[in-house]
Amino acid sequence: MFQTLYSYFWWERLWLPENLTWADLEDRDGRVYAKASDLYITLPLAFLFLVVRHLFETYVATPLAGLLNVKEKVRLKATPNAVLEKFYAATTKHPKQADVEMLSKKSGCTVRQVERWFRRRRNQDRPSLLKKFREASWRFTFYLIAFIAGMAVIVDKPWFYDLREVWKGYPIQSMLPSQYWYYMIELSFYWSLLFSIASDVKRKDFKEQIIHHVATIILISFSWFANYIRAGTLIMALHDSSDYLLESAKMFNYAGWRNTCNNIFIVFAAVFIITRLVILPFWIMHCTVVYPLDLYPAFFGYYFFNFMMVVLQSLHIFWAYLIIRMAQKFITGKVVEDERSDREETDNSEEEEEVAKNGPLSNGHPILNNNHRKTD
């Protein structure tokens, strides 16, 4: 049965245009072609990336955070309470009003104390500023190096300037060593992101991130199997061109460098929109949808590759919407947080009531008003 499934999966009509077979892509006369077995190395490389990432975050990102004065917010811890903790862990982190009243009776706390307990408990589970900074530093470093390496791989190739060259002689296109390593490193990195996504900072677009990583892995792998390597290198370099800008903006945001963060983010937004909403659909996707039909009839691989491109493009539109919303707030001077992040919760409702009675509070205690002039 396994052999039957294997034969169906590697049926040539799925992966190659008609009248071509895998025998046409066997190494000969010094020409080397992409093989599915090449991708086995990406899994151990992905785990190697996780090790390198741990070392980088420990010995590079953490000291850098100290130099940039990345400061943690002081979080008030929830008082240990077995009843509330059990409900928090087993039922929901966001109880409804009826649940709050029920828990108030069971725990012996007031309704206000239960609400405050859940706010503080949720804050305890939120990732620290240092964790966010370390993750952003790692991704910034990889994306910047990958973009520079990707440009070095493709900038001297004729298909970088003339997209019709992408399909010249397809699929009998030999692979270069630089293309091999570019593919292996990019695919290994996205495997590592998928492996670590459960422990990384979770944002509101968590599901979209999973879809993006899976779609990217499938697209890179398929383009390797079907020898779409020229198109694949262009697509990977295009994506890396804006990602490092976003990660650098995050780093400066966590460090409190608001103006630098704002300026970089505006540049990122412009590059993202130009590359993902203009160049990708109107140049690259036009290249992968239209030009191949001049050379051979459409086949399953053609449809599958372009379907995955549409999935990625849909995610780009979704993220562009969030980016434009944030850019508008930056331009208008409003305080901006990452649209994809959960906001830190505070005990404002209680503090406002106490302020009305006793004046400003610091950690639940009244503080002196230090706004007087020295001459007062």
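This is a predicted model: local features need pLDDT of at least 70, side-chain atom pairs count only at pLDDT 80 or more; totals for chains, interfaces and linings use all residues.
Residues are numbered from 1 along each chain as its sequence is written. Local features need pLDDT of at least 70 and side-chain atom pairs count only at pLDDT 80 or more, while totals for chains, interfaces and linings use all residues; side-chain values use heavy atoms, leaving out hydrogens and water.

Reader: Which residues touch the most other members of the largest nonpolar core?
Author: A nonpolar core is a set of buried Ala, Val, Leu, Ile, Met, Phe, Trp, Tyr and Cys residues joined through side-chain atoms within 4.5 Å. Buried means under 20% relative accessible area, exposed over 50%, and partly exposed in between (1.4 Å probe, protein chains only). Of the 76 residues in the largest core, the most other members are touched by Trp224 and Tyr228.

Reader: Which helix gives the most to this core?
Author: Helices are DSSP runs (H or I, at least four residues), numbered from the N terminus. Those supplying at least two core residues each include H3 (42-67), H7 (129-154) and H12 (300-332). The most, 12 residues, comes from H12.

Reader: Within what arc do the buried residues of H5 fall?
Author: Helix H5 (residues 97-107) has Val100, Leu103, Ser104 and Ser107 as its buried residues. The arc is that of the directions from the helix axis to the C-beta atoms. Seen down the axis of H5, the buried residues line one face, because they fall within an arc of 110°.

Reader: Which exposed residues does the face of H5 turned away from its buried side carry?
Author: The buried residues of H5 pack against helix H4 (82-90) and helix H6 (111-125). The face turned away from that buried side carries Ala98, Lys105 and Lys106.

Notes:
Contact means heavy atoms within 4.5 Å.
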